[in-house]
Each structure stands twice: as C-alpha cells, then as structure tokens.
Amino acid sequence: MITLSREGLANSLPEADTLNLCVRQFENTLPCLHRLNRYYEGRHDILSRTRLSGLPNNCVTHAFPRYIAQVSASYLLGEPARVEGPEPQTQALRELMLHAATDAIDVELALHQAVFGRAVSLCYEDASLRPHVCALDPRSAFVVYDDTVAQDPLFGVYVSGAGQDRQLLVYTKSQAARFSAQGRLLEVKPHPFRALPMTEYLNGTDAHGDFEDVLALIDAYDLLQADRLNDRQQFSDALLVLTGVMGIGAGEGDNPLERLRQEKTLALPDEHARAEWLVKTPMEKDIDILREALSQDIHKFSLTPDFTDERFAGNASGVAIQYKLFNFDNRVKLKERWFITGLRERARAFCGWLDTRRHLHLDADELAFRLTRRLPVNEPERAQTISALKDILPYSTLLFNSPLTEDPQRRREGSDAWLVNTFSDSLLSRDFEGRIVVTVEPFNWREIIKVLLDAGGIV
C-alpha cells in the first residue's frame with residue numbers, strides 16, 4: 001500500500017515530484033508481480049535451468065498456482081454478488097450494475113486478487129453517458145492512500161504506454177487528469193462519479209497472492225519431478241561394465257558392439273569375465289513419499305483443499321465436507337471482507353453517478369453486499385428436516401429454507417402469495433421491512449384458527 005501526506009496534493013491533484021515518487025514506489029513492486037503472473041501462466045523458474053551438454057534436462061512445471069488461485073476465486077464468487085439497500089434507489093443501482101456486466105468483472109477482479117494480492121477496477125462513462133466498469137492490470141494501476149490511521153484513498157494512477165510514450169492517468173474524487181512521462185500536466189477534466197472511480201481490492205493487509213508463500217515448495221516439487229524424469233532417461237543410457245575383458249575388438253566376424261546391439265548377446269573370453277550395467281539404483285518409493293509430502297505441504301500452507309484426496313469421498317456428508325474445508329473457508333472469509341470493502345467503494349462511485357445524472361440520492365454505506373458460497377448439500381436430509389418441522393415452524397420459514405427455492409426474493413414472494421391466498425385482507429398487514437404478516441388481535445383469533453385448520457394444520 002502506497003501512502004502519502006495530503007500536503008503533497010495541490011487542488012486534489014498531486015504535484016509532479018509527488019506523482020513520480022509514487023510511481024517509483026509502485027515500480028519497486030513490479031518484479032514480484034511479474035513473477036506471480038509468470039508462475040500463474042506456468043512459466044516457473046525450472047524452465048531456465050541448464051545442465052552439462054549431453055545430460056538430459058527435462059523441465060516440468062505443475063499448475064499449482066493456477067489451481068490455488070482459481071479455486072479460491074471461484075469459491076469466493078460462487079454466486080454473483082447481491083446488493084440490498086433502500087428502494088427504489090438500490091434497484092436503479094442494480095440496473096446500472098447489470099448494464100455494466102459487473103458480474104463478469106467481479107470474477108476477473110477476484111482472480112487478480114488471488115494471483116497478485118490486489119485487484120484494481122475503474123469506473124468510466126461511455127459516449128452515451130452510461131457508466132461502465134473494467135478490471136485493470138494490477139501491474140499498471142495502483143491507488144494512493146493518505147498516511148493517517150484512516151488510510152483514505154487520495155487518488156488512483158493508471159500507467160499507459162512505455163518509454164517516452166508513457167502517460168500517467170490520474171483519477172481523483174472529482175477530476176481525471178493526464179500527465180506526461182516527465183510529470184507535465186496535459187489535460188484535466190471533471191467526472192460525474194463524485195467519488196474516486198478507481199478502486200483497489202486488497203488480499204489482506206499484506207496484499208500477498210494466494211500462492212505467493214508456497215513458491216519455494218512449488219519449485220522443489222518441479223525440481224523433484226524433473227530430476228525423476230532425468231534419472232529415468234539416464235537409466236536407458238546406462239554404461240556396460242566389462243570385468244576381466246581387455247576390450248572388445250573386431251574379430252573375423254561382425255563388430256561385437258553391433259552384434260550386441262542387434263542380437264543382445266555378448267561373448268566373454270573365459271568363465272572369470274563378467275559383464276553388467278552401471279545404473280543408479282532407483283528409489284521410486286522414497287521419491288514418491290517425498291512428492292506426496294511436498295504436495296501436502298503446498299495445499300496445507302496455502303490453505304487450499306486437495307480434492308483428489310481420498311478423504312473427500314463422494315459419500316461424505318455435508319457436515320464432514322465443511323469440517324475439511326474449515327481452514328479454507330476461514331481464509332476466503334477474510335478475502336471476502338476485503339473484497340466487499342472494494343465493492344462498497346465502487347458502489348460509492350455508481351451512487352455518485354446516480355446523484356449527478358439522475359438526481360437519485362443513495363448512500364453507499366447503507367448498502368449490504370452478500371457473497372454466496374457453492375457447497376455440496378445433502379438435499380434429502382434437508383428435505384426430511386423441513387418435513388419434520390412442518391407442524392412447528394411457520395410456512396414462510398419452511399419456504400425460505402426450501403432447497404427448491406434458491407432466490408430469497410422468490411422465497412419471500414412465495415410466502416407472501418401463500419398468505420394472501422389463505423387469509424382475508426382484513427387479517428393481513430406489512431411489517432417495517434415490507435413483509436406481509438398476519439395481524440393477531442383479540443377479536444380475530446377465532447377466525448385465524450379456523451383458516452389454519454381449513455388449510456390443513458397449524459402454521
């Protein structure tokens with residue numbers, strides 16, 4: 001995280017020296033970011049290993065980084081993020097997010113967060129004055145925060161181009177500016193978001209990638225498997241050791257070496273002579289134990305489950321699977337808190353656009369974001385539990401927990417429809433959240449009991 005004192009800002013825009021200082025601090029992190037991206041793409045350090053001429057040099061990489069990043073990102077966003085808040089302003093916000101395809105952008109941001117330890121998004125307005133959002137490459141964009149304990153975002157920087165053609169696009173809460181590579185201000189224009197349009201999604205306070213701490217173990221795994229293949233290849237190139245033989249010379253017949261190659265036979269001069277292959281004794285069992293240990297350590301220290309493990313049996317109950325995913329789920333919950341913080345800051349920019357263009361006021365702090373996991377569920381057991389509680393719990397509660405209705409809004413609508421069809425209008429009202437409820441008064445309890453009995457039981 002790059003921090004800066006507010007004194008280095010002039011009219012909310014950074015001065016040239018301040019901007020160059022922030023860019024240099026960001027460039028110091030680029031070697032680490034490039035390495036993380038290289039490992040994610042499968043270009044590990046083992047590919048640059050060299051050996052003596054004539055020796056086999058198998059370079060084998062294993063996609064542990066891609067596996068770790070994609071598993072955590074897909075688990076974090078098993079379902080699209082849902083936003084709830086005051087209506088009808090929140091519905092207008094949902095429509096903007098739907099038009100901007102934020103669901104697809106969020107998946108890309110979650111993957112960047114897992115790979116680089118940070119993700120960056122940018123809100124912008126197209127030619128038709130509609131807001132959009134895009135995921136920027138974390139190796140070319142960053143956000144600068146103030147040096148107070150609040151660490152409020154000051155401005156965002158996007159580095160475009162390279163060399164003399166490089167330009168710095170700076171975004172503040174009210175302006176978008178373009179600087180040259182030397183820090184000379186080229187253009188300034190306002191934007192309609194009334195908040196910082198560039199948002200950073202950190203992967204914790206240290207902003208480490210999900211597989212950054214196990215890179216050394218991944219290198220050891222690659223090296224072990226590569227040397228294993230090299231030993232196998234050298235096994236086929238074994239040396240023939242002749243004991244008690246001065247040499248194999250050409251006799252009257254064919255060349256003995258050619259005969260050995262074709263007929264697989266060798267004539268020795270006497271009974272004391274001996275021929276044997278000089279090979280390295282393979283220790284496949286020990287090597288396989290070491291390979292399993294490295295694989296387990298990679299999964300353990302990255303807090304990522306190994307779904308090929310025999311303990312993840314297909315007949316395991318949902319509770320058993322949840323216990324196996326306990327550490328992984330806790331890690332993703334920490335990622336979720338930071339990701340929701342980024343979603344709220346991005347929503348703050350959309351709320352500013354709604355206020356500017358449509359005069360709809362919506363406070364981003366009043367919004368609630370929900371991220372839903374996708375885990376195996378024992379549906380028959382869940383259905384049996386609901387059936388056993390049908391005479392105890394209200395119908396609306398049973399409908400809400402039904403596995404056949406995934407959308408809470410549809411569950412609520414189904415519950416409201418049942419109440420409307422069952423009770424007369426004089427017995428119904430709405431609570432402070434807008435839900436339809438049955439009003440129980442001393443004068444109407446007899447009518448309510450009669451309706452419930454006609455409906456087939458107590459609800």
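1. Two strands are said to pair if DSSP finds at least two bridges between them. Helices (H or I, at least four residues) and strands (E, at least two) are DSSP runs, numbered from the N terminus. An open sheet is formed by three strands in the order 6-5-12, and the pairing is antiparallel. Strand 6 (131–136) and strand 12 are the edge strands, each pairing on one side only. From one strand to the next, the twist averages 25°; axes here are lines fitted to C-alpha atoms, for helices over the stretch in contact, with angles running from 0 to 180 degrees between N-to-C directions.

2. This is a predicted model, in which local features need pLDDT of at least 70 and side-chain atom pairs count only at pLDDT 80 or more, while totals for chains, interfaces and linings use all residues. Residues are numbered from 1 along each chain as its sequence is written, and side-chain values use heavy atoms, with hydrogens and water left out.

3. The average pLDDT (the predictor's confidence in each residue, from 0 to 100) is 81 for the protein, and 76% of the residues score at least 70. Over residues 455–459 the pLDDT is below 50, and this stretch has nine contacts (heavy atoms within 4.5 Å) beyond near neighbours in sequence.

4. Within the sheet, strand 5 (residues 118–125) pairs with strand 6 in the antiparallel sense over six bridges. L122 stands opposite C134 in strand 6.

5. Four aromatic pairs are counted. The rule takes rings of Phe, Tyr and Trp (its six-membered ring) with centres within 6.5 Å; planes under 30 degrees apart count as stacked, over 60 as edge-to-face and the rest as tilted. Y75 and F328 form a tilted pair, 4.9 Å centre to centre with 40° between the planes. Y75 lies in helix 3 (residues 64–76) and F328 in helix 10 (residues 326–358), so the pair ties together parts 253 residues apart in sequence.

6. Y201 and F339 form another tilted pair, at 5.3 Å centre to centre and 35° between the planes. Because Y201 belongs to strand 12 (residues 198–202) and F339 to helix 10, this pair links parts that are 138 residues apart in sequence. Y201 is buried (under 20% relative accessible area, with exposed over 50% and partly exposed in between; 1.4 Å probe, protein chains only) at 0% relative accessibility.

7. T172 is located in the loop between strand 9 (167–171) and strand 10 (175–180). T172 is buried, with a relative accessible area of 1%. Leaving aside neighbours within four places in sequence, its contacts include S12, F155 and H191.
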